[in-house]
Amino acid sequence: MKRKFIKLITGLASATALISAVSFNAGAENVQPRGSWYVYGDVNNDGKIDVIDIININKAVNKYRELTGEEKLPMRIAVARTAIYFENTNNPVPQAADVNGDGYISSEDSDMVLRYVAEQREDIGKCGEHFYIS
């Protein structure tokens with residue numbers, strides 16, 4: 001009886017160790033990022049707000065104007081078509097271009113980023129503030 005009890009305990013311990021290892025590995029493989037933090041004004045997501053970001057905003061607005069004749073690029077279109085409006089930019093974050101928060105990318109946003117880069121801290125909208133995209 002004692003041997004059966006020892007075998008049972010040993011078997012349970014082995015099974016528990018196996019289940020723990022499988023659960024741990026499965027959990028580690030299935031971890032998905034839930035979102036990321038970005039900075040308003042850092043359109044190319046390189047960690048700096050600079051002239052390159054201003055150029056990216058202006059290129060996007062000009063491209064939209066060429067295609068539609070409109071002066072303001074709606075955010076939903078910029079997000080859906082980043083390859084068109086932010087071509088030659090590796091990791092664009094179109095949402096970071098909307099520093100005035102009106103839902104459009106326009107020359108107003110570009111001017112606010114320019115003022116931020118020139119260290120004029122008035123009328124810069126949300127430039128330099130962090131935001132989260134889930």
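Asp102 and Lys72 form a salt bridge, with their closest N and O atoms 3.6 Å apart; the term stands for a side-chain nitrogen of Lys or Arg within 4 Å of a carboxyl oxygen of Asp or Glu. This pair links distant parts of the chain, 30 residues apart: Asp102 sits in the loop between α4 (82-85) and β3 (104-105), and Lys72 in the loop between α2 and β2 (73-74). Asp102 has a relative accessible area of 31%, so it is partly exposed. Lys72, at 33% relative accessibility, counts as partly exposed too. Here buried means under 20% relative accessible area, exposed means over 50%, and partly exposed is what lies in between (1.4 Å probe, protein chains only). Through salt bridges that share partners, Lys72, Asp102 and Glu108 are joined into one network.

Before going on, a word on what you are looking at. This is a predicted model, in which local features need pLDDT of at least 70 and side-chain atom pairs count only at pLDDT 80 or more, while totals for chains, interfaces and linings use all residues. Residues are numbered from 1 along each chain as its sequence is written, and side-chain values use heavy atoms, with hydrogens and water left out.

How many salt bridges does the structure hold? There are four. Another of them pairs Glu71 with Arg65, the closest N and O atoms being 3.0 Å apart. Glu71 is partly exposed at 46% relative accessibility, and Arg65 is partly exposed at 31%. Arg115 and Asp123 also bring their side chains together in a salt bridge, at 2.9 Å from N to O. Arg115 has a relative accessibility of 22%, so it counts as partly exposed.

Now step back to the whole chain. The protein has five helices and four strands, and from the N terminus on they run α-β-α-β-α-α-β-α-β. Helices (H or I, at least four residues) and strands (E, at least two) are DSSP runs, numbered from the N terminus. Of the 134 residues, 28% count as buried. The protein exposes about 9,100 Å², and carbon and sulfur atoms supply 54% of that; the areas come from the Shrake-Rupley method with a 1.4 Å probe, and for residues only the protein chains shown count as cover. If you take the contacts between residues at least 6 apart in sequence, 60% join residues at least 24 apart. Contact means heavy atoms within 4.5 Å.

The axes of α2 (residues 51-68) and α5 (residues 107-117) come within 9 Å and cross at roughly 170 degrees. Axes are lines fitted to C-alpha atoms, for helices over the stretch in contact, and angles run from 0 to 180 degrees between N-to-C directions. How are α2 and α5 set relative to each other, roughly parallel or roughly antiparallel? They are roughly antiparallel, because angles over 145 degrees count that way, while those under 35 are roughly parallel, 65 to 115 roughly perpendicular and the rest oblique. On the α2 side, Ile54, Ile57, Asn58 and Val61 take part in the meeting, and on the α5 side, Ser107, Asp109, Ser110, Val113, Leu114 and Val117.

Helix α2 also includes Val51. Together with Ile52 and Ile55, Val51 makes a nonpolar surface patch of about 240 Å². Patches are made of residues with over 30% relative accessible area and no salt bridge: like charges are joined within 9 Å, and nonpolar side chains (Val, Leu, Ile, Met, Phe, Trp, Tyr) within 5 Å. Val51 counts as partly exposed, at 47% relative accessibility.

Back in the loop between α4 and β3, have a look at Ala96. Is Ala96 buried or exposed? At 0% relative accessibility, Ala96 counts as buried. Leaving aside residues up to four places away in sequence, Ala96 touches Val39, Tyr40, Gly41, Asp42, Val43 and Phe131.

Asn88 is in the loop between α4 and β3 as well, but Asn88 is exposed, with a relative accessible area of 75%. Most residues other than glycine have a negative phi. Asn88, however, has a positive phi of about 65 degrees although it is not a glycine. Glu119 also has a positive phi, near 60 degrees. You will find Glu119 in the loop between α5 and β4 (130-133), where it counts as exposed at 63% relative accessibility.
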